[in-house]
Amino acid sequence: MWQKNNHGMELARRLSKPTRLPFSDHQLHDGSRIAVIGGGPSGAFFTYFLLKLAKRLDLNLDVDIYEPRYFSHLGPAGCNHCGGVISESLVQLLAIDGINLPPSVVQRGIESYRLHTDVGSVAIEPPLHEKRIAAVYRGGGPKGVTEVNWKSFDNYLLELAVKQGAQIRHQMISDVRLRDGRPCLRTSDGAEHEYDLTVVATGVNSHLLEQIEALDLGFKRPKTATAFISEFYLGEEGVKQQMGGSMHVFLLDLPRLEFAALIPKNNCVTMCLLGDDIDETLVETFLNSPEVKQLFPAETGVPQNTCHCFPRINVDGASQPFIDRMLFVGDSGVTRLYKDGIGAAYRTGQAAANAVLLGGVSAEDFRHHYLPACKKISRDNAIGKVVFWITGLVQSMRFSRRAILRMTAREQQKEGAHQHISTVLWDVFTGSAPYKEVFVRTLHPGFIIHLAWNLFLAITPFGSKSILVEERHGNQQSG
Amino acid sequence: METNNLGKLYKDQECVVRQGDEGSCMYVVQKGELIVIDEQADNEVQLGRLKAGDIFGEMSLFEREPRSATVKVQGEAWVLTVDKRTLLRRIKEDPLIALNIIEILCRRIRTMDEETVNLKAGQGHASEDTV
């Protein structure tokens, strides 16, 4: 048994990065106890990958996931306050891992994206004309909806973790402290539980992050901004008629708004606004814009939302997402800027599981085996900020909005045309590629020449005629 | 059309990959059934069947060889395409993800070993359950 164990560990270590050996004797052994605080995607992914790899290494671990909520419940009780989009890259990576999202979890496979501006709209088709983006509900469904014909995405992931051997404890953690160097958790019933490792996967809205920061061991909470999520009930037929199978994104000149989307689900539409501290005034302005109104039934206008929230989102990761025997995954640590938060939960969850088993559980082990994955996301976010700054610039000028719309429409119309801007917009909207890759694509000479030509046409009287054609084309498509 | 399936819908007898074609992606069956065929000059030999969750076409991600077999739909099937770039980008980030594909390849070698032994011993035909 020892030999088998040793060979497995060695092979896995050689395959993992970095390849250095652990720094300390902070290793997990048969029977080691691990607590995961939070049963959202990052906690579930961490547990799933940890237990899967532990089996490969012939290691038996005892994992408790603390999650007070029941994700099967409708409305706020089971909700995780998120748009609920599984990116194109994550759908593929999950499939490679053997996690094929079942139709009972997928509310709708997104067929295309439709970009709306004040000068028209255009559909952007996926690169392979294939549905590889999933719209899901994180909980059982929004408040006010009574038909439950589907399963919650978060519940589905938790079930995968349970199948690997984890236990769910529907209890609230009221206090986290270190006792003799080991994490000690107090549950709401006053009981205390000691663990060899604690993984914090609470998201950014938990009071526990403040408590852990106060321990003064190097962890600093992520910086946050306020987003807005709401649900509109249209019925299954209404969603089909008004939204089709497309996700609708907007390039509007509204200050503080970085990204806005309407995501079609089964019988509801989720509205998601991201930016610099979204407030009610901005929400009202957005809903009153003609580009948004035209997507709802003309006779009723924008209906009253069935539920809404202003969740805090992580916009700048924790400076040190670990301390001795404790690490932070997903939104509690580092996530992607504005996009693919569930993809970041997958990446950090898997990186943390590898670090714990192939490195160890000391802060030094995490620094060498977990931090590189977090830094990679943070560095990409820095480029993402530049990408969103440029997008904001385009948003603020009518002629640049025209140029972008025209260039996109031309590429989408011509079969076999090089998809310069279409792939850039697709990846910015879907979050399927790293921001660095998107940015590098905008430096391609073909992209620059075509953009310059379309900008020229957008500001000249000569070009305005052809632009009008694009406007009409765009509006026809949107109807 | 069902709105909550992922991938692409292929119709009955439609080929997802054809033997001899160049390929740069792999596939994961989401729903339905497909058959794997070796197309020879005068006849077709069925090598196996694929069902939901099965992966195929992965060999072309790692070698620059044409597709080794044709995969055809029986009935209707939803199949998800996995891009080479997406997979390789992720393997670069976390090489352990390649273990999943190595495991699949190991299972196939094991099955082929068993079938070779059976054929040499003249005990029967190759299994049609796996590729």
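Which residues have the most contacts inside the largest nonpolar core? They are Val36(A), Phe46(A), Leu50(A), Val199(A), Ala352(A) and Tyr370(A), in a core of 152 residues. Please keep in mind while you look around that this is a predicted model.

Leaving aside its neighbours within four places in sequence, Ala352(A) is in contact with Phe46(A), Val199(A), Leu327(A), Val329(A) and Tyr370(A).

As general background, nonpolar side chains tend to be buried together in soluble globular proteins.

## Domains of chain A

The domain assignment divides chain A into three parts: domain 1 (2–72 + 154–222 + 314–382), domain 2 (106–139 + 225–310) and domain 3 (397–478). Where domain 1 of chain A meets domain 3 of chain A, 5 residues of domain 1 are in contact with 4 residues of domain 3. On the domain 1 side, this contact has no nonpolar residues, 1 polar residue and 4 charged ones.

## Where the two chains meet

Chain A brings 28 residues to its contact with chain B, and chain B brings 23 residues. On the chain A side, the elements giving two or more residues are helix H1 (2–15), helix H3 (88–96), strand E4 (106–110) and helix H9 (341–358). H3(A) has the largest share, 6 residues. By class, the chain A side is made up of 12 nonpolar, 10 polar and 6 charged residues.

Helix H12 of chain A runs over residues 398–413. With 16 residues, H12(A) reaches 22 Å from its first C-alpha to its last, close to the 22 Å expected at 1.5 Å a residue. Because 12 of its 16 residues are buried, H12(A) is largely enclosed by the rest of the structure. Among those buried residues are Arg401(A), Arg402(A), Arg406(A) and Glu411(A), along with Ile404(A), Leu405(A) and Met407(A).

Helix H15 of chain A covers residues 445–459. Its 15 residues reach 21 Å from first C-alpha to last, close to the 21 Å expected at 1.5 Å a residue. The buried residues of H15(A) are Asn454(A), Leu455(A), Leu457(A) and Ala458(A). Seen down the axis of H15(A), the buried residues fall within an arc of 160 degrees, so they line one face of the helix. Turn to the other side of H15(A) and you will find Pro445(A), Ile448(A), Ile449(A) and Ala452(A) exposed.

Two residues have a backbone angle worth a look. Arg256(A) is not a glycine, yet it has a positive phi of about 75 degrees. You can find Arg256(A) in the loop between strand E15 (246–250) and strand E16 (257–264) of chain A, and it is partly exposed, with 15 other C-beta atoms within 10 Å. Tyr338(A) is not a glycine either, and has a positive phi of about 65 degrees. Tyr338(A) lies in the loop between strand E21 (326–328) and H9 of chain A. With 24 other C-beta atoms within 10 Å, Tyr338(A) is buried.

A last stop is Ser174(A), in strand E9 (residues 173–179) of chain A. Ser174(A) is partly exposed, with 14 other C-beta atoms within 10 Å. Leaving aside neighbours within four places in sequence, Ser174(A) is in contact with Arg186(A), Thr187(A) and Ser188(A). Gly190(A) is 16 residues from Ser174(A) along the chain, and 8.4 Å separates their C-alpha atoms.

Terms used: Residues are numbered from 1 along each chain as its sequence is written. Chains are lettered from A and ligands numbered from 1 in the order in which they are written. This is a predicted model: local features need pLDDT of at least 70, side-chain atom pairs count only at pLDDT 80 or more; totals for chains, interfaces and linings use all residues. Two residues are in contact if their C-beta atoms, placed from the backbone, lie within 7 Å. Helices (H or I, at least four residues) and strands (E, at least two) are DSSP runs, numbered from the N terminus. Ala, Val, Leu, Ile, Met, Phe, Trp, Tyr, Cys and Pro count as nonpolar, Asp, Glu, Lys and Arg as charged, and the others, Gly among them, as polar. The expected span of a helix is 1.5 Å times one less than its number of residues. A residue is buried if 20 or more other C-beta atoms lie within 10 Å of its own, exposed if 12 or fewer, and partly exposed in between; C-beta atoms are placed from the backbone. The arc is that of the directions from the helix axis to the C-beta atoms. Domain bounds come from an automatic or database domain assignment. A nonpolar core is a set of buried Ala, Val, Leu, Ile, Met, Phe, Trp, Tyr and Cys residues joined through C-beta atoms within 7 Å.
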